[in-house]
Amino acid sequence: MSHKFILLLMVFSVQGLAIQTPVLTQAPDTKAPWIVRAYYKHKDQVQNLSSLADLWTINQQQHYAVLLIDNAQTFDKVKSLGLSIRIDNKLQQQYFRDLQKITSSNNKGSNVISGFSCYSTVEGSFIRMQDMVLSHPDLAEIVDIGDSWEKTINNLNGYDLKVLKITNQQIVEDKPKVFITSAIHAREYTTAELTTRFAEMLLAQYTVNADVKWMLDHQELHLLIQTNPDGRKKAETGILWRKNTNQAYCAPTSNNRGADLNRNYSYFWEAGNNQCSEVYPGPMAQSEPEIGAVITYLKQIYVDNRGDSLVEVVADDVPGVFLDIHSFSQLILWPWGLTSNPAPNVGQLAAFGRRVAFYNSYTPEPVSDLTIAKGGSIDTSYGELGVASLAFELGTAFFQDCATFESTILPTNLQALMYVNRVARKPYELPLGPDIENLQIVPNFILANQATTVTGIANDDRYNHSHGAQSFASVQNIDLFIDDLPWLGLNATSVNAADGTFDSSAETFTTNVDTTSLSVGQHTLYVVATDTDNKKGGVYAQFLHVVEGNTVGTISGRVTDAITGQVIDQSMLTFNNSSNRSDASGQYSLLAPVATDDLHVSANGYVNKIVPNLTVTQQQDLNQNIQLEPFCSIVEDDVENGNGMWTSTSNWAISTEKSSSPTHAWSDSPNANYGNNTNTSITSNDISIVGADSLQISFNHWCETESGFDFGHVEINFDNSLWQEILSCSGASSWKHEALTVAIPNNAKQLKLRFRLSSDGSLTDDGWYVDDVLLKVTGQPCRGVFDDMIFTNGFD
Ligand SMILES: [Zn+2]
C-alpha cells in the first residue's frame, strides 16, 4: 500500500459520512437491507421505480430517489431501469444505529418506543386517548370504527381501530368535520405523535384560547391516530415496516407480507402483481379491513358532494377537510396522485396547500408531481366524496430523532393543523382570503365601559411560493364581531387600515373596541378580512374579559432600562392571562385576577423577565417597578464596506451575486459552484465579550449545497479553545434568517466566529452566501465599556 493511498484513506475516515459512495454495478456483498439513492435521467424512470418500491423521498433538484432494497433480485430490477445506484451512507448508518437503539432494550409492555421516548407505542397512544376522554368527557369520546387485520382473524390478537372524536357535545348543530388519519404506514413514527399532541393541546387550551373554543364548539375533529396498529407493532421493534401484516400476501411469516393500505383505497384502485413489494395494493379495492372501516366511517360523517368522474368540480362552499399525515420529506400534497392531470379544484386545493405550507415551510405540490400512485387516501376522499384533502409528509426520517421532532416538527405542524381547522367550514374558499397575523386585544381584562384596543395585520399573501407562485390580492375590508359568530355575518363592525387606505396585500389595523354594551364576563372578539377579489379569509379570535373592580386586584409600576434608567414604552406585561402595555412614561397598570402567579415582561431589544410568585388580592394594588436588561450590539456587519473583521480562505469573497441587504454578501465561491472535497471559511477577528452575560448571534444566509452531503457550518470558539458547531445547513435554496442564543462559558473574554463550507467527493452546487451578521450581548459591554468592540458598519 502506497503512502499516498494511506493518506487518502485517512482523509476519507476523517470526513466520514460526508463522502459520496461509488456507483454500484452489482448488489453489495454487505448485509441487506441497503438504503440507496437511485439517480435518474428521466421522470419515467421514477414512475417505473415507484411501482417496484416505496420511494422514501425524491430530490427533484438533484434527480434521485431514496429507497430501501432488501435483496439482490430487487437490486437488479432497479438497475435494469437504467438508474445509477449509490448507497446513501447517512441513512444506511442511521438505520443500523436506530435498529441497535431499539433492539438493545426491551419494548414489551412499554408505553413508549425504546430509544425514541417521545413516541408512544400503540398501547401508549390508546392510554393517552382514554386519558383525554376521562379528563374532558364533554369534549372527547372514542368511537370504535372496526378491527385491524389480525383482530379480524383472531379476536385475541390485533387491535380496535379507534377514532378520537373531539367536539363540545353540549352544542348540537350540523358541524363541519375534520378527519385526520395518521400512521397508516407503520414506520412513520412522528405522525401518530403529532395528531395525539394536537388533540392534547386542543383539550388543554379549550378554556383559555378563543380560537380553540370556537373550533371545538362549532366543528368536529375525528382523529384515527393509529390507522395501522398491527404494522405499527412491527415497526416498534425497529423493522422498517410499512404495510399491514396480512399473512395472505407474499408469505405468512415474511417481513415483506401485507398490503400497502395507502394503495388500497377505492378511487381508481389499480392491481399490482408483486405481493412482497412495499406498495402491494391488495387483491382488490378495500380488501383490507382497516381501509374498509375508514371508508365506511368517512361515508357516515361526510355528505357526498361530488360525482365520481375525474373532471367534476366541487362547489366552493362544501365544508370539511380530510388529512392523511405521513412522513417523511417535508411536503404538503394535494390530489391527484392517480394522474398527472390537474384535479378539477386544483386552484383551490393549491391555495389551501400553499397556505398550510406557510406554517411548516414544507414544499407544496400535487402528489403526481412526485410520482403517479393509485388507490391513495386523498384521491378517494376528494374523488368519491368531494372533501378538500391534503397529505402531510413530516420531517426528514421515519425514525425521526426526538430532538428534531420536539424543536421543529411539532411546533410548526401544530400551527399548520390549527390553520386547517380555522378554514374547515369552507376549505375551498377561505384559504384564498386574507389571514390575520398577531391579533391582540390589550388590555384584555377591563372594567365595564373601559376602553381597549385591537391590533393585528391582515395579510393576503401568507403562502408558501416555493413550488409555484400563488396569486393574491389587496386587503379590502376588515370586520370585527363581538360574540356574534362571524360566519353568520351579523353585526359586523368595519375596521379601517392603520395607514388610512386599503391598498396593499398586508394591512396593519388598530382600533378601539366599543365596550359600552358589554356585560360582566368573558366575551369573544372575532376578526375576518376580505380581499379585493371578495374572498374572505379564516376566522381569528381573542377573549375579552369584563370584570368587576371589587373582584380583582391590580399590579402597577414603571418599566425602565436597567442601565440607562430610561423609561420603556410599549413593553408587554402578562399575569394570569391578563395583559397590558406600558405607556410613553413607562407606567403600566394591570387588572389582575386574584391568584399567585408569575408576572412576565417583554420589550423589543431587552431580555424577557419573569417576576415569580406575585400574590394578588382583591382590591389591592401591588406596586412592582421593573428593570429590563438591554441587549447591545457588539458586531453589526451588513457586508457593504469590505472585509472588515474577517479573514478568508479561497475562494471566499464579497460578492454582489446574491445579498439579503442591500447589495453585497459573502460567498464561498462567487459566480461559480464550490469544488469537490473543499473546506474553506471566513473567520472573524477576536471579539471581546468581557463581562457579557448572554449572547445572541443572528445572520441571513442562503445555503445551496448537495443535500445531506455538503454543508455550511457556523462555528464559535471562546478564548482560542476548541471550535464548536452552533448550526449546520445543507440543501436550502432561499434566504433564511437565523437567530441563535449561545451560552457563554464562565469568565470567557473573547470569541471568534467562523463560517465554513465543506463538501464531499462528488456533486457540487452554487454554495453559501452569508449576510447581516449581528452579535448582541447583555451585561458589562452594554454598560459603556465600548473600547475594544468592533463596529464594522451599522445597518439598523
Ligand atoms: Zn407514508
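Analyst: Let's start with strand β15, which runs antiparallel to β17 (residues 453–459) and is joined to it by six bridges. Strands here are DSSP runs of E (at least two residues), helices are runs of H or I (at least four), and both are numbered from the N terminus. Two strands pair if DSSP finds at least two bridges between them. Keep in mind that this is a predicted model, so local features need pLDDT of at least 70 and side-chain atom pairs 80 or more, while totals for chains, interfaces and linings use all residues. Residues count from 1 along each chain as its sequence is written, and side-chain values use heavy atoms, without hydrogens or water.

Now zoom out one step. β15 belongs to an open sheet of three strands in the order β15-β17-β20, with antiparallel pairing. At the edges sit β15 (435–442) and β20 (506–512), each pairing on one side only. By the domain assignment (bounds from an automatic or database source), domain 3 covers 433–541.

Next, look at D435. Across in β17, the residue standing opposite D435 is N459. D435 also forms a salt bridge (a side-chain nitrogen of Lys or Arg within 4 Å of a carboxyl oxygen of Asp or Glu) with R462, and their closest N and O atoms are 3.3 Å apart. D435 is in strand β15 while R462 is in the loop between β17 and β18 (475–482), so this pair ties together parts 27 residues apart in sequence. Buried or exposed, what is D435? D435 counts as buried, at 0% relative accessibility; the cut-offs are under 20% relative accessible area for buried, over 50% for exposed and partly exposed in between, with a 1.4 Å probe and protein chains only.

Elsewhere, salt bridges that share partners join D54, R187, R242, D260, R263 and E278 into one network. Two of those names, R187 and E278, meet through their side chains at 3.0 Å, N to O. R187 sits in the loop between β9 (177–182) and α7, and E278 in the loop between α9 (229–235) and α10 (289–301), so this pair links parts 91 residues apart in sequence. R187 is buried, with a relative accessible area of 0%, and E278 counts as buried at 15%.

Here's another pair to find: E200 and R128, whose side chains meet in a salt bridge of 3.0 Å, N to O. Helix α7 (residues 189–205) holds E200 and helix α5 (residues 122–135) holds R128, so the pair ties together parts 72 residues apart in sequence. E200 is partly exposed, with a relative accessible area of 27%, whereas R128 is buried at 17%. In total, the structure holds 28 salt bridges.

One last stop is the zinc ion. Its protein donors (N, O and S atoms within 2.8 Å of the metal, or 3.2 Å for Na, K and Ca; water is not among the atoms, so sites may look incomplete) are H185 (ND1), E188 (OE), E188 (OE) and H326 (ND1). Domain 2 is assigned as 113–326 + 333–422.
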